[in-house]
Amino acid sequence: MWYQSFGFPIVLNPVILIPFIITPICTFSTAYLCTYFGIVPPLNGVQIATGTPILLSAWMTGGVQIMILQAVLILISTAIYFPFFKTLDNKAVEEEKELEKQKELDAQNA
């Protein structure tokens, strides 16, 4: 498959453009509303290193509640992206099947 070698294409990919725009809006809104209504505390302002793992960084900046919120946001992001990724994966599988049929036809004609 083409994305096994080069990663998943996001730039100029109209199918992925939709979740690429929708996901940050949903996750930001969820985090903001959780903070606004007091479900989670505001962040404590600790400056952490850029490469800090995801849930560890949440724990360091806000505790267990922020860590749980971050896990929920990851699940939301995955749920938004998955149908679009699956659509592209199904398209890639169909292209592979067509290539295999073409190779078989070429082998028979040779």
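Is Cys 34 buried or exposed? In this predicted model, Cys 34 is buried, with a relative accessible area of 15%.

## Cysteines

A disulfide would require the two sulfur atoms to lie within 2.5 Å. Cys 34 is likewise in no disulfide, the sulfur of Cys 26 being the nearest cysteine sulfur at 13 Å.

## Aromatic pairs

Three aromatic pairs are present in the structure. In one of them, the ring centres of Phe 28 and Tyr 32 are 6.2 Å apart and the planes meet at 20°, so the pair is stacked. Phe 28 and Tyr 32 both belong to helix 2 (residues 14-36), where a spacing of four residues separates them by about one helical turn. Phe 28 counts as exposed, at 57% relative accessibility, while Tyr 32, at 47%, counts as partly exposed.

Tyr 36 and Phe 37 form another pair, with ring centres 5.1 Å apart and planes at 80°, so this pair is edge-to-face. Tyr 36 and Phe 37 are both exposed.

## Aromatic cluster

Taken together, Phe 28, Tyr 32, Tyr 36 and Phe 37 make up one aromatic cluster, and the members described above include the stacked rings of Phe 28 and Tyr 32 as well as the edge-to-face rings of Tyr 36 and Phe 37.

Key. Residues numbered from 1 in each chain as written. Predicted model: local features only at pLDDT ≥ 70, side-chain atom pairs only at ≥ 80, totals over all residues. Heavy atoms only, no water. Buried < 20%, exposed > 50% of the residue type's maximum accessible area, 1.4 Å probe, protein only. Phe/Tyr/Trp six-rings, centres within 6.5 Å; stacked < 30°, edge-to-face > 60°. Helix = DSSP H or I, 4+ residues; strand = E, 2+ residues; numbered from the N terminus.
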